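I opened this model to look through its sheet, its helices and its cores. These are my notes, entry by entry.

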Amino acid sequence: MGMSWEDVVLIEESKNSGDPTVVTINCPDKAGLGCDLLRIVLEFGLYVTRGDFSTDGKWCYVVLWVVPRPISLRVDWESLKKRLVSCCPSIMPAFYLDQFSSSSKSTPLYLLKVFSMDRKGLIHDVTKLLCDLELTIQRLKVMTTPDGKVLDLFFVTDSMNILHTKIGREETCEHLSVVLGECCISCEIELAGPEYECQQGISSIPDSIAEKLFSCEFSVMEDASKVKEASVMVDNLLSPVHSLLQIQCRDQKGLIYDILRISKDCDIQIAYGRVSSSVNGVRSLELFIQNEDGKKILNNENQIALCSRLKEEMMQPLRVMISNRGPDTELWVANPVELSGKGRPRVVYDVTFALKTLGICIFSAEIGRNATLDREWEVYRFLLVENRKFPLTSKQAKQDIINKVRRTLMGW
């Protein structure tokens with residue numbers, strides 16, 4: 001087609017702060033491509049103000065208007081372009097294929113060990129740096145010793161392919177030493193062995209917690225007047241070959257990613273989609289869709305199931321709750337995992353930022369997976385340290401923590 005790989009993704013940076021940057025993707029189509037692209041956008045901390053999607057089944061064209069959240073966030077646009085290009089199906093020149101061939105291989109898992117003195121915001125500061133270096137946290141284990149020291153074990157994958165060299169590992173440790181300052185005692189990175197790769201499950205979740213955390217009736221535990229009901233409708237009259245999916249929902253971080261994730265997991269093909277700008281905090285989407293067999297969704301039960309799934313996960317894409325374990329207080333966060341096995345981006349970043357803002361320290365933390373009858377969940381458990389401002393025995397303080405964490409995760 002006479003098309004170079006540089007034209008697969010075009011980024012027109014905004015000239016004024018606060019104005020959206022326009023990201024255009026023009027490439028061969030594949031199942032779930034929209035979800036994969038939006039996941040990368042979310043990883044970079046970008047908010048989609050509006051968007052357009054179109055495909056003929058063979059070639060797709062995507063335009064996204066994005067802004068950093070918060071606006072002060074520094075975005076490496078060249079790195080974003082490389083990441084977006086790497087997930088697009090390729091009919092590109094050989095040099096391009098060589099450059100991104102690693103994306104098709106299994107990604108190695110690295111173990112980052114950080115030993116330091118404890119202080120407020122420590123976990124968030126490390127997490128922020130890992131996000132800046134495009135190191136994705138797959139699992140996490142944080143342990144505080146009786147003498148006030150912390151051992152952090154971060155299991156990470158490397159999007160930038162810098163940890164495979166000794167120099168890359170040493171430079172990453174140097175960056176961490178600078179961030180932690182005098183608190184840092186030691187830092188090392190190594191390939192995680194098979195004994196680590198098989199440790200997917202979180203240590204036992206009490207039945208009472210699991211029943212509530214994964215329940216379809218999970219309560220948002222927030223002022224009901226601030227939570228607007230999602231509306232999802234299927235119209236089969238407007239198009240002769242597509243079903244029109246009309247969605248309205250309170251605007252929130254990752255909303256478009258969640259919708260495309262569900263579509264991907266349900267084998268729904270999106271031929272054309274338009275994402276409108278938020279109006280009074282409400283986002284509208286129109287998607288022309290088909291089943292995986294290329295036909296309209298005419299079965300009433302299938303329509304109801306799709307609409308119910310979308311409503312449930314748009315209203316509660318993340319679960320947040322607090323429980324007591326004897327005298328200790330635990331914060332739990334859970335989100336559904338894609339069928340591909342990928343978890344939600346930036347959850348640790350947002351949770352630790354919320355806790356740091358509240359001045360709450362983390363005594364221990366871990367990430368794992370838990371399977372229920374119908375899906376797999378990524379589960380985050382944080383053991384919190386009591387402080388004067390938020391006495392964890394107070395019911396109101398617990399609710400304030402839940403609300404702060406949830407609002408940060410949702411971008412409210």
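**Entry 1: the sheet**

I started with an open sheet of eight strands, with antiparallel pairing. I wrote down its strand order as E1-E2-E4-E3-E11-E12-E10-E9. I keep in mind that this is a predicted model.

Next I looked for the edges. They are strand E1 (9-12) and strand E9 (231-235). Each of these two pairs on one side only. I also noted the twist, which averages 20° from one strand to the next.

Strand E10 (residues 243-250) and strand E12 (residues 282-290) run antiparallel. How many bridges join E10 to E12? I found eight. For Cys 249, I noted that the bridge partner in E12 is Arg 283.

**Entry 2: helix H8 on the sheet**

Which helix packs on the sheet and touches E10 and E12? It is helix H8 (residues 255-265). H8 also touches strand E3 (46-55) and strand E11 (269-275). Its direction makes about 25° with that of E12.

Is H8 mostly covered or uncovered? I found it mostly covered, with ten of its eleven residues buried. Among the buried ones I listed Leu 255, Ile 256, Ile 259, Leu 260 and Ile 262. Asp 258, Arg 261, Ser 263 and Asp 265 are on the buried list too.

**Entry 3: H8 against H1**

I reminded myself that two packed helices are described by the angle between their axes and the distance between the axes. H1 and H8 pack at an angle of about 150°. Their axes are 8 Å apart. Angles over 145 degrees count as roughly antiparallel, and H1 and H8 are therefore roughly antiparallel to each other. I noted their crossing as left-handed.

Which residues of H1 meet H8? I listed Gly 34, Cys 35, Asp 36, Leu 38, Arg 39 and Leu 42. On the H8 side they meet Ile 256, Tyr 257, Leu 260, Arg 261 and Lys 264.

**Entry 4: the cores**

I turned to the largest nonpolar core, which has 50 residues. Leu 64, Ile 247, Leu 310 and Met 314 have the most contacts inside it. Which helix gives this core its largest share? It is helix H1 (residues 33-43), with seven residues.

**Entry 5: backbone checks**

Most residues other than glycine have a negative phi, and most peptide bonds are trans. I looked for exceptions.

A cis peptide bond joins Arg 69 and Pro 70, with omega about 0°. I placed Pro 70 in the loop between strand E4 (59-68) and helix H2 (77-86).

Asn 161 has a positive phi, near 60°. I found Asn 161 in the loop between strand E7 (149-158) and helix H5 (166-180). Is Asn 161 buried, partly exposed or exposed? Asn 161 counts as partly exposed because its relative accessibility is 41%.

Just after H8, Asp 267 takes a positive phi of about 60°. Asp 267 is in the loop between H8 and E11. With a relative accessible area of 39%, Asp 267 is partly exposed.

Note on methods:
Residues are numbered from 1 along each chain as its sequence is written. This is a predicted model: local features need pLDDT of at least 70, side-chain atom pairs count only at pLDDT 80 or more; totals for chains, interfaces and linings use all residues. Side-chain values use heavy atoms; hydrogens and water are left out. A nonpolar core is a set of buried Ala, Val, Leu, Ile, Met, Phe, Trp, Tyr and Cys residues joined through side-chain atoms within 4.5 Å. Buried means under 20% relative accessible area, exposed over 50%, partly exposed in between (1.4 Å probe, protein chains only). Helices (H or I, at least four residues) and strands (E, at least two) are DSSP runs, numbered from the N terminus. Two strands pair if DSSP finds at least two bridges between them. Axes are lines fitted to C-alpha atoms, for helices over the stretch in contact, and angles run from 0 to 180 degrees between N-to-C directions. Contact means heavy atoms within 4.5 Å. Angles under 35 degrees count as roughly parallel, over 145 as roughly antiparallel, 65 to 115 as roughly perpendicular and the rest as oblique. A crossing is left-handed if the near helix is turned anticlockwise from the far one by less than a right angle, and right-handed if clockwise.
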